[in-house]
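Please keep the sequence and the structure in view while reading.

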Amino acid sequence: MGVAAGPIRVVVAKPGLDGHDRGAKVIARALRDAGMEVIYTGLHQTPEQIVATAIQEDADAIGLSILSGAHNTLFAAVIDLLKERDAADILVFGGGIIPEEDIPPLREKGVAQIFTPGATTTTIVEWVRENVRQPASSS
C-alpha cells in the first residue's frame, strides 16, 4: 500500500458504555480544523463497529476516547480486530482517564499514543500529523 493522497482521515470513537463525549468532540473539531477528514462515530460503539467504520471509511487512524475505566479491554479489542481484518496499518491512538501504569501495556499491545487529561489539542494535532501516514523508507 502506498502513501495515500489527500487529507489524513481519522475515525474518532467512543467505545463501550461511556456516555461523556465532550472531549472526543473537541478533538474531532481540532483535527477537522487542522485540515483532516474526521468521522465521529458517536457514543456507545462496539470495537466491531469502530473497526468496520475505519475500514469502510478508509481511515488512516482511529482515535479512541475512554473515560469509563474499560480502556485495557476496549483498546485491545480494537487492535485485535484490526489485525484480524488485515487492517493493522490503521494507527490507533487514544485518550481519556487512563492511569499512568496502564499506558506501557497499552503501548506494547499496539496503541501508538495515549493522551491523558491536560494534553492540548495542538499537541494531539501535531502528533497525528507527524505519526500518521508516514511513508516507508525507500530501498
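Is S65 buried or exposed? The model is a predicted one, and in it S65 has a relative accessible area of 13%. Buried means under 20% relative accessible area, so S65 is buried. This serine is found in strand β3. Its side chain makes a polar contact with the side chain of K14, at 3.2 Å. Beyond its neighbours within four places in sequence, S65 is in contact with A13, K14, P15, D18, A24 and G95.

In soluble globular proteins, nonpolar side chains tend to be buried together. Here, the largest nonpolar core has 24 residues, and the members that touch the most others are I62, L64, F75 and L82. At least two residues of this core come from each of β1 (9–13), α2 (47–56), β3 (61–66), α3 (71–84) and α4 (103–109). The element that gives the most is α3, with six residues.

I62 shows how residues from separate parts of the sequence meet. Leaving aside its neighbours within four places in sequence, I62 is in contact with V11, I50, A54, V78, L82, I90, L91, V92 and F93. Another core lies apart from the largest one; it has 18 residues, including M36, V125, V128 and V132.

How far apart are the end C-alpha atoms of α3? They are 20 Å apart, which agrees with the 20 Å that its 14 residues should span at 1.5 Å a residue. The buried residues of α3 are H71, L74, F75, A76, V78, I79, L81 and L82. An α-helix has 3.6 residues a turn, so residues three or four places apart point the same way. The buried residues of α3 are covered by parts that include α2, β3, β4 (91–96), α4 and β5 (113–115). Just after the helix, D86 takes a positive phi of about 55°.

How many aromatic pairs does the structure hold? There are three. One of them joins F93 and W127: this pair is tilted, with 5.5 Å centre to centre and 55° between the planes. Because F93 lies in strand β4 and W127 in helix α5 (residues 121–131), the pair ties together parts that are 34 residues apart in sequence. F93 is buried, with a relative accessible area of 3%, and W127 is buried as well, at 11%.

W127 also pairs with F115. Their ring centres are 5.8 Å apart and their planes are at 80°, so this pair is edge-to-face. Since F115 lies in strand β5 and W127 in helix α5, the pair ties together parts that are twelve residues apart in sequence. F115 counts as buried, at 10% relative accessibility. Leaving aside its neighbours within four places in sequence, F115 is in contact with F93, G94, G95, G96, T123, I124 and W127. Through ring pairs, F93, F115 and W127 are linked into a cluster.

How values were computed:
Residues numbered from 1 in each chain as written. Predicted model: local features only at pLDDT ≥ 70, side-chain atom pairs only at ≥ 80, totals over all residues. Heavy atoms only, no water. Core = buried A, V, L, I, M, F, W, Y, C linked by side-chain atoms within 4.5 Å. Buried < 20%, exposed > 50% of the residue type's maximum accessible area, 1.4 Å probe, protein only. Helix = DSSP H or I, 4+ residues; strand = E, 2+ residues; numbered from the N terminus. Contact = heavy atoms within 4.5 Å. Expected span 1.5 Å × (residues − 1). Polar contact = N/O pair within 3.5 Å; in protein donor to acceptor, adjacent residues only side chain to side chain. Phe/Tyr/Trp six-rings, centres within 6.5 Å; stacked < 30°, edge-to-face > 60°.
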